[in-house]
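The sequence and structure are shown below.

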Amino acid sequence: MAIKLDKVYPWIKQVENIQTGGIINVAAADGTQAEVSLPWHLWLGDLGVFYVVDEGESFQMVQTAMLPEGMDEAVLFDRACDNLLRDIEFRICGTNWGGAGIVCGGNFEASSLCCHGIWAFVAQQYQEDFIVAAPARDVVILAPASDPNRVHNLKVTVDQILSGGDHTLSGKLFLYSVEN
């Protein structure tokens with residue numbers, strides 16, 4: 001089955017205990033488990049980049065067998081990130097605890113982690129290092145690394161999301177250095 005490469009996007013998932021390039025057990029539509037080969041790579045900490053095709057009302061995970069012959073995962077990554085930046089509008093908004101969040105409609109917030117341009121823009125806004133967390137697919141939050149109160153509030157928010165949120169990902173915190 002051929003995929004529409006212009007509708008492929010990066011999809012961040014928690015990957016603890018999965019080996020890159022390995023066969024992954026996924027739930028089939030009938031509830032059974034199936035083994036499939038998915039193109040993906042480790043990205044940050046315990047987060048990996050997978051790929052989905054936007055089918056309008058749903059997203060389908062891209063399987064290795066769906067890729068055009070000769071396309072490797074690095075080329076797919078570049079194409080998916082280009083698609084994301086072309087099709088999804090990302091905004092920075094404030095939080096009620098003094099931090100900020102990346103907002104884009106609920107499906108691709110965590111995927112923003114793949115897009116260097118977004119983080120370069122955020123770095124321009126902050127003009128200092130900041131801490132980033134992606135506790136759920138639809139939540140990416142950040143706080144200035146130099147402000148212990150806001151970093152504490154970020155950690156509290158991450159814990160709250162992980163304990164009761166949907167599509168949870170990771171409790172890890174990442175430092176974005178404006179010098180890099």
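Which residue takes a positive phi just after α2? In this predicted model, the residue is Q127, with a phi of about 60 degrees.

## Helix α2 and its surroundings

Helix α2 covers residues 116–126, and its buried residues are I118, W119, V122, A123 and Y126. Viewed down the helix axis, these buried residues fall within an arc of 135 degrees, so they line one face of α2. H116 and Q124, on the other side of the helix, are exposed.

The buried residues of α2 pack against α1 (73–87) and against several strands: β7 (91–94), β8 (100–103), β9 (130–136), β10 (139–144) and β11 (173–176).

## Secondary structure and overall dimensions

The protein chain contains three helices and 11 strands. Along the sequence, these elements follow the pattern β-β-β-β-β-β-α-β-β-α-β-β-α-β.

The C-alpha trace spans about 50 × 30 × 30 Å along its principal axes.

## Burial, contacts and surface

Of the 180 residues in the protein chain, 44% are buried. Among contacts between residues at least 6 apart in sequence, 59% join residues at least 24 apart.

The accessible surface of the protein chain is about 9,700 Å², with 48% belonging to carbon and sulfur atoms. The protein chain carries 10 positive and 23 negative side chains, and the centres of these two sets are 4 Å apart.

Technical notes. Residues are numbered from 1 along each chain as its sequence is written. This is a predicted model: local features need pLDDT of at least 70, side-chain atom pairs count only at pLDDT 80 or more; totals for chains, interfaces and linings use all residues. Side-chain values use heavy atoms; hydrogens and water are left out. Buried means under 20% relative accessible area, exposed over 50%, partly exposed in between (1.4 Å probe, protein chains only). Helices (H or I, at least four residues) and strands (E, at least two) are DSSP runs, numbered from the N terminus. The arc is that of the directions from the helix axis to the C-beta atoms. Contact means heavy atoms within 4.5 Å. Accessible areas come from the Shrake-Rupley method with a 1.4 Å probe; for residues, only the protein chains shown count as cover. Lys and Arg count as positive and Asp and Glu as negative; His and the chain ends are not counted. The place of a charge is taken as NZ of Lys, CZ of Arg, CG of Asp or CD of Glu.
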